[in-house]
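Please read the following note alongside the sequence and the structure. The points are numbered so that each may be checked in turn.

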Amino acid sequence: MRKPTLSLFYFGLWASSVLVLWQGVECKIYLRCELARKLRDQYSFDRSLLSNWICLLEHESELDTTKETREENGSINYGLFQINSAYCQEARPGRFCNVACEKLKGDNLAESVECAKKIQAERGFRNWKGWKRFCSNPQNLPDLKVACGI
Ligand SMILES: *[C@@H]1O[C@H](CO)[C@@H](O)[C@H](O)[C@H]1NC(C)=O
């Protein structure tokens, strides 16, 4: 019975290293209410706009912080807010948000939030195709009071 025990041990070792590596990738898919609370409490999103943001995020990134998509014109949309590379610069801070595009992906939301708020304030939610298509009719917005109690 020595062999199976040993291989089980190695499997355990392998599984835990995979887990550690996987956690290192910093991917996170939020749940709707979890994210709504986080945006309100940690990032001071205006309560009255929160359902617009949640609708936008659900249709743009499915609440996945690592999402990256390419537009037909070759530009790239980054992260939870799917911010277009027109607003950021590859590898170093620059453009509209004065930020490196890579910082708009992953678990640290500080820079994405700042950039998304700036785009919304100056150009409106219409800037996001997902919002325009699915969220511009207020009847389609999630009722966060009912759904999340907030
Ligand atoms: C490419 O398309 C995206 C999405 O429509 C747009 O936001 C961006 O400004 C365009 N970039 C260029 C260089 O035309």
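**Notes on the aromatic cluster and the ligand site**

1. Phe-45, Trp-53, Phe-81, Phe-125, Trp-128 and Trp-131 are joined into a cluster by ring pairs. The model is a predicted one, and it holds seven aromatic pairs.

2. One of these pairs consists of Phe-45 and Phe-81, whose rings are stacked, with 6.5 Å centre to centre and 10 degrees between the planes. The pair links distant parts of the chain, 36 residues apart: Phe-45 belongs to the loop between helix H2 (32–41) and helix H3 (50–60), and Phe-81 to the loop between strand S2 (76–78) and strand S3 (83–84). Phe-45 has 4% relative accessibility and therefore counts as buried; Phe-81, at 0%, also counts as buried.

3. Phe-81 also pairs with Trp-53. Their ring centres are 5.7 Å apart and their planes stand at 80 degrees, so this pair is edge-to-face. Because Trp-53 lies in helix H3 and Phe-81 in the loop between S2 and S3, the pair ties together parts 28 residues apart in sequence. Trp-53 and Phe-81 are both buried.

4. Which residues surround the ligand? They are Glu-71, Asn-73, Ser-75, Asn-84 and Lys-129. By class, this shell has three polar and two charged residues, and no nonpolar ones. A polar side-chain atom of Asn-73 lies 2.3 Å from an oxygen atom of the ligand. On its own the ligand has 360 Å² of accessible area, of which the protein covers 43%.

5. The unreviewed UniProt entry annotates residues 97–115 as "domain: Glycosyl hydrolases family 22 (GH22)". In the model, this span is 32% helix and 0% strand, and its end C-alpha atoms lie 5 Å apart.

Conventions
Residues are numbered from 1 along each chain as its sequence is written. This is a predicted model: local features need pLDDT of at least 70, side-chain atom pairs count only at pLDDT 80 or more; totals for chains, interfaces and linings use all residues. Side-chain values use heavy atoms; hydrogens and water are left out. A residue is near a molecule or strand if one of its heavy atoms lies within 4 Å of it. A polar contact is a pair of N or O atoms within 3.5 Å; within protein, one must be able to donate a hydrogen and the other to accept it, and residues adjacent in sequence count only if both atoms are side-chain atoms. Accessible areas come from the Shrake-Rupley method with a 1.4 Å probe; for residues, only the protein chains shown count as cover. Ala, Val, Leu, Ile, Met, Phe, Trp, Tyr, Cys and Pro count as nonpolar, Asp, Glu, Lys and Arg as charged, and the others, Gly among them, as polar. UniProt positions are given in the numbering used here, feature names are shortened, and annotations may be inferred rather than shown by experiment. Helices (H or I, at least four residues) and strands (E, at least two) are DSSP runs, numbered from the N terminus. Rings of Phe, Tyr and Trp (its six-membered ring) pair if their centres lie within 6.5 Å; planes under 30 degrees apart count as stacked, over 60 as edge-to-face and the rest as tilted. Buried means under 20% relative accessible area, exposed over 50%, partly exposed in between (1.4 Å probe, protein chains only).
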